[in-house]
Amino acid sequence: MSFNSLGLSDALLKAISKKGYTTPSPIQQKAIPPILEGKDVLASAQTGTGKTAGFTLPILQILSQGQHLRQRPIRALILTPTRELAAQILANIKEYSEFLDIKSTVIFGGVNQNPQVTQLRQGVDILVATPGRLIDLQNQGLISLAKVEILVLDEADRMLDMGFVRDIERIIKVLPVKRQNLMFSATFSKDIKKLAMGILHNPVHVEATPENTTVDAITQIVYPVAKEKKTELIIKLITEGNWKQILVFTRTKQGANKLTESMISAGIKAAAIHGNKGQGARTKALAGFKDGSLTALVATDIAARGLDIPLLPHVVNFELPNIPEDYVHRIGRTGRAGANGEAISLFSPDETVFLRDIEKLVGLKLPVQNIKGFEPDPNASKEPIKQGQGRQQRDSTPKKPKTDTTNRSSNNSFGPRRPSQNNDRRSNR
Ligand code: AMP
């Protein structure tokens, strides 16, 4: 199938071809036609499937077909859980709309609102927003959503995880009742289905398995290593392997900082990305990592959510995640866009319970390889570092989430903890 057969305009086809896309991805093939027909769509797709183009291309087509209202009210509203994802979606929209008369902008918290307000005053057809800042500006009377024709909830599962459900409900209340609704989610829990039922009308269900993010395209390997030798080992792997671009995951923000400092001392160009970093620092780190001026990006799980970093050859779990699902998200960062990737886990004995949970989830015994000189003491304790981090605590009573993740002090800039998780598991990330 080609993009031509999807019914997209010449202006969009020109932009798509400029981007170098030749064939629509499965989610694009399935989602674009019903969206163009004006139907509500519930799509099962995660980052890496091409989902962004799957909804932005038809939205651009629909909006560019209609008559422009003089004041350019917001006609399409795209809600996303994180600032980075919001910024990425806007960047895509800008590229796809290069040959169209469509204006778009993004709003998110953690930065001065004035430039965003100025942009809004000039009129935009498409607004990409995180819920917190959107509600803020709405409360200040600086934004009108009365003319929204299309609503997109992107990464809906993450939005629920991050405690945005009330914000979403509040936003929906101020939208026109008659509108088209599109919802994208990687997973479909009971809560997501409930949210979908309350928002979507007779939705078309579409599904896509992520391209090349299957476990097959990823070589997974576990290196048992004494805890105190992990830093030395990762530096050795990077320098001796002459690795050029490596995404490293740590469990905590402090751990990310410490490792980054050690890497820099060893001459590796590295930066950390986590919730305690200001927006500027995060954007700079991500840009440096993408353009190759940084070799290593050290991230916590929440900070890495939704980041589109194509063609990543190596992902390293410096520490195994205590939430097994995070392992799957982490390794999905490699082996993308047709490339084979390598997911390496540095595993110390106190992480035995985490490894066991991960293997249970992925249904695989992960291959283990010892590296001479780094093996852990066979008598080292296999107890987790902290009490109460085992899988059995995952479903403990949720704490009431805060409602605004986008406009808070920097040490909470990636939002409140996932309400469905045990606080011990998330608190330092
Ligand atoms: P997404 O899942 O929307 O985050 O997209 C993942 C990556 O795939 C992005 O870098 C897109 O630019 C890229 N992409 C989207 N659609 C296509 C396509 N049809 N062909 C090739 N790459 C694509």
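Start at the ligand: the shell around it divides into three nonpolar, eight polar and four charged residues. Here Ala, Val, Leu, Ile, Met, Phe, Trp, Tyr, Cys and Pro count as nonpolar, Asp, Glu, Lys and Arg as charged, and the others, Gly among them, as polar. This is a predicted model: local features need pLDDT of at least 70, side-chain atom pairs count only at pLDDT 80 or more, and totals for chains, interfaces and linings use all residues. Residues are numbered from 1 along each chain as its sequence is written, and side-chain values use heavy atoms, with hydrogens and water left out.

**Stop 1: the ligand**

Select Tyr 21, Gln 28, Gly 48, Gly 50 and Thr 52. Of the 15 residues around the ligand, these come nearest; a residue is near if one of its heavy atoms lies within 4 Å.

Now look for polar contacts (pairs of N or O atoms within 3.5 Å). An N or O atom in the Tyr 21 side chain is 2.4 Å from a ligand oxygen. Next, show the backbone. A polar backbone atom of Gly 50 is 2.8 Å from an oxygen of the ligand. For Lys 51, the distance from a polar backbone atom to a ligand oxygen is 3.3 Å. The ligand taken alone exposes 500 Å², and the protein buries 78% of that. Areas come from the Shrake-Rupley method with a 1.4 Å probe.

**Stop 2**

A salt bridge is a side-chain nitrogen of Lys or Arg within 4 Å of a carboxyl oxygen of Asp or Glu. The whole structure has 17 of them.

**Stop 3: Asp 125 and Arg 72**

Select this pair. Their closest N and O atoms are 2.4 Å apart, in a salt bridge. Asp 125 sits in the loop between helix H5 (114-121) and strand E4 (126-129), and Arg 72 in the loop between helix H3 (51-65) and strand E2 (76-79), so the pair ties together parts 53 residues apart in sequence. Helices (H or I, at least four residues) and strands (E, at least two) are DSSP runs, numbered from the N terminus.

Buried or exposed? Asp 125 is buried, at 1% relative accessible area. Arg 72 is also buried, at 13%. Buried means under 20%, exposed over 50%, partly exposed in between.

**Stop 4: Glu 359 and Lys 365**

Finish here. The two side chains meet in a salt bridge of 3.3 Å, N to O. Glu 359 is buried at 13%, whereas Lys 365 is exposed at 70%.

Note on methods:
Polar contact = N/O pair within 3.5 Å; in protein donor to acceptor, adjacent residues only side chain to side chain. Buried < 20%, exposed > 50% of the residue type's maximum accessible area, 1.4 Å probe, protein only.
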